[in-house]
Amino acid sequence: MAKPLLISDCDEVLLHMVAPFRDWLAEKEGVTFRMEGNNFATAMRWQESGELVEERDIWRLLGGFFDTEMHRQNPIEGAIESVNRIAENADVVILTNLNDERQQMRAEQLAAHGVHARVFTNQGPKGPALARIVEEYQPLTTIFIDDLPQHHQSVSVDVPQVKRLHLCGEPMLAPHIDCAYEAGHAHARIDSWDHALPWLLRELHEETI
């Protein structure tokens, strides 16, 4: 029997990422991370020289973090409890922008925090991947959650019938991220799970009550 479907991002939606990444960079890599705008590429500087970290090194450092430091990531307040509450009456899957070889690591990481959900990995815009998930599940209704506005824009083009919640649970980032709701690409912007859960339950089940 078809159920409602929640498709959620992981980093900065379910688990903190930038904060532990910042701490690891300072402790182990000689890099200072300071988010002063919405440009991730200008947030990282070598401690010794003060020079910006070049793009190739940014990707190398991000890869190193996900290969060895995912244990540093802790849940965003209310996220685990909310997702498990939703899972009582809906399907829940995770759509995360990690390389495919890290899919099992992500699944195990989330399971260790109490989220037992199918994990899909993706690279680039999330619209095409989300369309494939919706085609497979044939849900009664679908909601997509992500912290990055470009993914809401992608989904709004490829799967416009999906409801979209822009949620960034990391206070270090939330004020700097362009709002997908204001841009017209999301149906709501809510950065707290305490407020997001009632909205999600209402929107997921309004067609089935």
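In this predicted model, the sulfur of Cys 168 lies 11 Å from the closest cysteine sulfur, which belongs to Cys 179, and this is too far for a bond. A disulfide requires two cysteine sulfur atoms within 2.5 Å, and the structure holds 0 disulfides.

**Cysteines**

- Cys 10 takes part in no disulfide, and its nearest cysteine sulfur, that of Cys 168, is 13 Å away.
- Cys 10 is buried, with a relative accessible area of 0%.
- Cys 168 is likewise buried, its relative accessible area being 1%.

**Domain arrangement**

**Extent of the interface**

- Contact between the domains involves 15 residues of domain 1 and 15 residues of domain 2.
- About 1,300 Å² is buried between domain 1 and domain 2, and carbon and sulfur atoms give 59% of this area.
- On the side of domain 1, Arg 102, Met 172 and His 176 lose the most area to domain 2, together accounting for 40% of what that side buries.

**Polar and charged features of the interface**

- The interface of domain 1 and domain 2 contains 1 salt bridge and 7 residue pairs in polar contact.
- The side of domain 1 that touches domain 2 consists of 5 nonpolar, 4 polar and 6 charged residues.
- Asp 67 and Arg 102 form a salt bridge, in which the closest N and O atoms are 2.9 Å apart.

Conventions. Residues numbered from 1 in each chain as written. Predicted model: local features only at pLDDT ≥ 70, side-chain atom pairs only at ≥ 80, totals over all residues. Heavy atoms only, no water. Contact = heavy atoms within 4.5 Å. Buried area = accessible area lost by both parts, 1.4 Å probe. Salt bridge = Lys/Arg side-chain N within 4 Å of Asp/Glu carboxyl O. Polar contact = N/O pair within 3.5 Å; in protein donor to acceptor, adjacent residues only side chain to side chain. Nonpolar A, V, L, I, M, F, W, Y, C, P; charged D, E, K, R; others polar. Buried < 20%, exposed > 50% of the residue type's maximum accessible area, 1.4 Å probe, protein only.
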